[in-house]
Amino acid sequence: MSLEQAGLLNYVQRLVETLGPEHLAVADAWVKLGLSQLENGSAAGADKCFRQALSVRLKSVDAGDETIAHIHYYIGLTHFERGDFAEAELAYQTCLNIYEQECHPEDAFLATVLDSLASLNHDRDRLNTAEGLLKRSLFIRLCVLESFDVAIAESLN
């Protein structure tokens with residue numbers, strides 16, 4: 001565990017002691033720790049953190065909340081990193097469903113989720129599905145980003 005991760009874990013523990021394990025600030029701290037672990041190659045540890053955050057959030061906010069969608073996306077990343085494509089697809093699809101039903105359909109984050117699903121489908125040789133997802137992602141980015149944004153160039157690529 002890196003020094004940063006140890007500090008974040010200590011921070012989570014202090015928040016739990018101070019605010020209780022069900023406080024939304026604790027969920028946010030679990031997400032930060034999970035992102036740090038994912039960035040440092042510990043997908044399994046990150047998955048546990050994200051699931052802890054999801055558990056706390058689901059007790060406090062509606063299941064269609066945007067933060068719930070983001071956590072499902074992060075869980076999908078952990079499974080993708082471990083090569084568990086079926087679980088990654090399930091998590092990404094859950095995120096996509098929440099976002100489409102409850103959030104902003106023209107949001108750039110939705111394009112990111114679509115890109116992740118497209119990558120997953122590409123890796124599983126579902127090229128037609130991947131192409132459709134990428135086209136939708138590109139359309140969203142063209143609508144919400146400046147024409148010179150690097151994300152548009154990446155989508156075109």
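This is a predicted model: local features need pLDDT of at least 70, side-chain atom pairs count only at pLDDT 80 or more; totals for chains, interfaces and linings use all residues.

**Entry 1: surface and overall make-up.** I began with the surface: the protein chain exposes about 8,500 Å², and carbon and sulfur atoms supply 53% of that area. Accessible areas here come from the Shrake-Rupley method with a 1.4 Å probe, and for residues only the protein chains shown count as cover. Residues are numbered from 1 along each chain as its sequence is written, and side-chain values use heavy atoms, with hydrogens and water left out.

I then looked up the elements and found eight helices and zero strands. Helices (H or I, at least four residues) and strands (E, at least two) are DSSP runs, numbered from the N terminus. Of the 157 residues, 40% are buried, where buried means under 20% relative accessible area, exposed over 50% and partly exposed in between (1.4 Å probe, protein chains only).

**Entry 2: the core.** Of its 41 residues, Trp-30, Phe-50, Ile-71 and Tyr-73 touch the most other members. Elements giving two or more residues include helix H1 (3–19) and helix H7 (127–144), and H6 gives the largest share, eight residues.

**Entry 3: Thr-78.** Is Thr-78 buried or exposed? I found Thr-78 buried, with a relative accessible area of 0%. Thr-78 sits in helix H4, and a polar atom of its side chain lies 2.6 Å from the backbone oxygen of Ile-75. Not counting residues up to four places away in sequence, Thr-78 touches Leu-38, Ala-43, Ala-46, Asp-47 and Phe-50.

**Entry 4: rings.** How many aromatic pairs does a search of the whole structure find? I noted six; rings of Phe, Tyr and Trp (its six-membered ring) pair if their centres lie within 6.5 Å, with planes under 30 degrees apart counting as stacked, over 60 as edge-to-face and the rest as tilted. Tyr-99 and Phe-109 make a tilted pair, 5.3 Å centre to centre with 50 degrees between the planes. Tyr-99 is in helix H5 and Phe-109 in helix H6, ten residues apart. Tyr-99 counts as buried at 0% relative accessibility, and Phe-109 counts as buried at 15%. Last, I wrote down the cluster that ring pairs link: Phe-50, Tyr-73, Tyr-74, Tyr-92, Tyr-99 and Phe-109.

Technical notes. A nonpolar core is a set of buried Ala, Val, Leu, Ile, Met, Phe, Trp, Tyr and Cys residues joined through side-chain atoms within 4.5 Å. A polar contact is a pair of N or O atoms within 3.5 Å; within protein, one must be able to donate a hydrogen and the other to accept it, and residues adjacent in sequence count only if both atoms are side-chain atoms. Contact means heavy atoms within 4.5 Å.
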